[in-house]
Amino acid sequence: MADELDTDAKETTTTTGAIGEPAFVDLFAGTALNAADADAVTLRSPVQLVVLSGAEGSGKTTALASIYERLSQGPFAGFQFSGSRSLLGFEEVCHLNRLASGSTEPDTARTVRTQDAAYYHLALTGVAAGERRRHVLMSAVSGELFRLARNSREDCERLTFLHRADAIVVLVDGARLAMPEQRTNAHADASGILESFLDAKMVGASCRVEFIFSKLDRVLAAGQSALAFLNTTEKKLEAKFRPRLPNLTFRKIAARPAPSSSSGELNDGLADAFVSWTALEPRGAMKPWMQSAPPSDAREFSKFGWRHFEQIEGAKP
Amino acid sequence: MSNPAHVLLIGLPGSGKTTFLAALWHVLEERSSTTSLKLTGLSVDRTYLNQIAEEWRACSQVQRTNLQTEEMVVLHVDGDELGAFDLTVPDLSGEAFEQQLTERKTSAHHDELVQRATGVILFVHPDVQKGTQLTQARRLEATIGGDTQEGEGADGNASAILPWSIEKVPTQVKLIELLQFLLERAPRKVRVAMVVSAWDLVESLGVTPHEYVSREMPMLRQFLDSNSDLLEHAVFGVSAQGGSIPADKTALLAIDALERIQVCQGDEDSHDITKPIAWLLEKR
């Protein structure tokens with residue numbers, strides 16, 4: 001973003017014209033960031049990485065899109081919008097919820113399956129006076145990759161960005177919880193994904209982990225049995241993971257509630273969730289992963305936390 | 001000796017940049033005593049300024065600038081407590097800014113103008129593309145008892161999904177992106193005078209230009225407010241023509257050309273179109 005003008009300027013390239021003079025200056029792409037782009041952002045500023053995980057259709061991209069949509073309407077979750085390197089990327093994932101799409105029902109395009117994660121950047125400033133600008137990256141990975149990770153430790157270990165996550169959000173698909181024949185699998189999918197992360201040692205001890213029961217409006221609309229199942233699922237997940245994850249939390253949201261639902265409480269769910277995901281570590285706190293060298297097999301982006309930390313350490317007198 | 005100053009006009013096609021420049025030239029040439037900036041000498045080449053001002057005086061649509069007709073205008077001006085300036089104002093086409101958004105590059109010439117800019121006037125026409133969300137539309141329908149069936153449009157036919165393209169991006173997002181490009185390339189803190197053009201179209205709403213931007217483009221408002229360490233901004237409502245052309249042409253021709261111009265900043269109304277530039281040049 002703009003507070004890193006000098007660094008950004010170094011990144012831009014010029015295209016030489018026919019007579020030998022630079023004819024064009026390249027500008028940033030504005031789409032969802034790849035690992036290298038995300039790396040560049042993180043080298044300039046401390047960045048919080050929020051990984052949204054979950055099975056296909058669990059609501060990861062809708063949550064991402066809804067955060068952006070709320071910001072486009074005004075301050076959200078105590079933050080003002082201060083910029084983004086991926087504005088076009090956000091616009092694209094919001095497209096199917098726009099009148100201009102020609103659609104008549106709100107929808108979100110599925111994240112395309114690729115080997116690598118895409119990242120969406122937000123620069124945010126707290127609405128309170130004197131707040132500093134902060135940078136947040138939210139990952140978008142197709143649910144299919146999380147399914148593969150659930151099935152194979154090797155595939156799970158490929159998700160190296162998990163090492164760096166400040167918050168890992170595991171979505172439990174509320175729409176499936178609303179359907180008796182689907183609900184047990186919805187629970188098992190979410191539980192299995194987190195179990196795989198832990199088994200492959202992808203979750204740092206200080207990483208906040210949150211189970212999000214998505215599409216709460218659908219659960220409520222399905223009646224008491226669906227809500228009872230959700231509550232039971234929460235208890236089971238708590239019993240299973242709490243001993244290994246002291247920072248585990250649970251939350252229910254409806255990122256894009258149906259028009260007929262009572263929206264007040266549901267809307268607050270997403271704002272509170274975002275505040276929780278982006279809560280800052282106490283000043284000076286060193287994450288356990290910073291105390292050792294990055295794993296040699298880590299992909300470039302997953303190393304960025306170490307890099308930024310090294311820069312800070314190197315800058316000390 | 002005059003100080004050099006460079007003011008960059010930024011805006012999408014049809015946002016009012018050339019009409020502003022035409023009205024500005026007429027006002028300066030009239031040497032009215034009521035403006036913040038006054039002309040101290042004629043520019044060497046006034047052909048372009050005279051051409052667009054002629055159209056403006058006749059209440060005709062001022063010809064839009066395109067990539068082939070971009071002009072560099074130099075104005076010699078003086079202002080109370082400001083001093084004398086040789087003011088360079090390139091009249092860049094909105095098409096060039098649209099190309100920045102779609103092709104993600106800027107010409108080296110435009111980049112040089114950004115590097116030199118003393119200040120920027122960001123133009124936006126009040127007819128903004130808002131990017132209305134379906135969730136909001138459906139909620140509104142539910143509130144007022146609309147009966148559109150799921151999967152059907154308002155005409156009852158199943159709708160076809162249109163692919164996403166950058167042209168569908170809301171105006172406020174396009175302007176934020178242009179400002180991000182500017183901040184990325186500008187070597188220093190930037191002053192931005194935001195001009196809501198055709199202000200006569202929205203002044204009946206009874207809001208100030210600042211309130212109008214907050215209401216119609218809330219994300220842009222947040223961007224401007226929360227980047228105060230990188231850019232200083234003020235919002236003006238400017239009606240350079242004074243009304244709609246051709247609908248109001250006869251009425252507009254009946255009044256003094258200087259009186260046609262409306263400039264609103266906060267709660268203050270005036271006819272001084274030099275105000276946004278004077279604000280950019282103020283010593284602070």
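In this predicted model, three bridges join strand β8 (residues 231–239) of chain B to strand β9 (residues 262–265) of chain B, and the two run antiparallel; helices (H or I, at least four residues) and strands (E, at least two) are DSSP runs, numbered from the N terminus. Within this pairing, Val238(B) has Val263(B) of β9(B) as its bridge partner. Local features need pLDDT of at least 70 and side-chain atom pairs count only at pLDDT 80 or more, while totals for chains, interfaces and linings use all residues. Residues are numbered from 1 along each chain as its sequence is written, and chains are lettered from A and ligands numbered from 1 in the order in which they are written.

**The sheet of chain B**

- Chain B holds an open sheet of nine strands with mixed pairing, in the order β2-β3-β4-β1-β6-β7-β8-β9-β10; two strands pair if DSSP finds at least two bridges between them.
- At the edges of this sheet are β2 (37–41) and β10 (268–270) of chain B, each of which pairs on one side only.
- From one strand to the next, the twist averages 30°, where axes are lines fitted to C-alpha atoms, for helices over the stretch in contact, and angles run from 0 to 180 degrees between N-to-C directions.
- Helix α6(B) packs on the sheet and touches β1 (3–11), β6 (119–124), β7 (190–197) and β8 of chain B, with a direction that makes about 165° with that of β6(B); two residues are in contact if their C-beta atoms, placed from the backbone, lie within 7 Å.

**The sheet of chain A**

- Strands β3 (residues 47–54) and β6 (residues 133–140) of chain A pair in the parallel sense over five bridges, and Leu49(A) stands opposite Leu137(A) in β6(A).
- Strand β7 (residues 167–172) of chain A runs parallel to β8(A) and is joined to β8(A) by six bridges, with Val209(A) as the bridge partner of Ile168(A).
- On β8(A) there is also a parallel pairing with β9 (residues 248–252) of chain A over five bridges, in which Phe213(A) stands opposite Lys252(A).

**Buried parts and the nonpolar core**

- Of the 317 residues of chain A, 48% count as buried; a residue is buried if 20 or more other C-beta atoms lie within 10 Å of its own, exposed if 12 or fewer, and partly exposed in between, with C-beta atoms placed from the backbone.
- Strand β8 (residues 208–213) of chain A is mostly covered, since five of its six residues are buried.
- Helix α3(A) is also mostly covered, with 12 of its 14 residues buried, and among them are Leu64(A), Ile67(A) and Tyr68(A).
- In helix α4 (residues 87–94) of chain A, eight of its eight residues are buried, and what covers them includes α3 (60–73) and β5 (118–126) of chain A together with α6 of chain B.
- The largest nonpolar core has 154 residues, of which Leu64(A), Ile168(A), Val169(A), Leu122(B) and Val195(B) touch the most other members; such a core is a set of buried Ala, Val, Leu, Ile, Met, Phe, Trp, Tyr and Cys residues joined through C-beta atoms within 7 Å.
- Helix α1 (residues 17–30) of chain B gives the most to this core, with eight residues.

**Where the chains meet**

- In total, 46 residues of chain B are in contact with 44 residues of chain A.
- On the side of chain B that touches chain A, the largest share, eight residues, comes from α6(B).
- By class, that side of chain B has 18 nonpolar, 15 polar and 13 charged residues, where Ala, Val, Leu, Ile, Met, Phe, Trp, Tyr, Cys and Pro count as nonpolar, Asp, Glu, Lys and Arg as charged, and the others, Gly among them, as polar.
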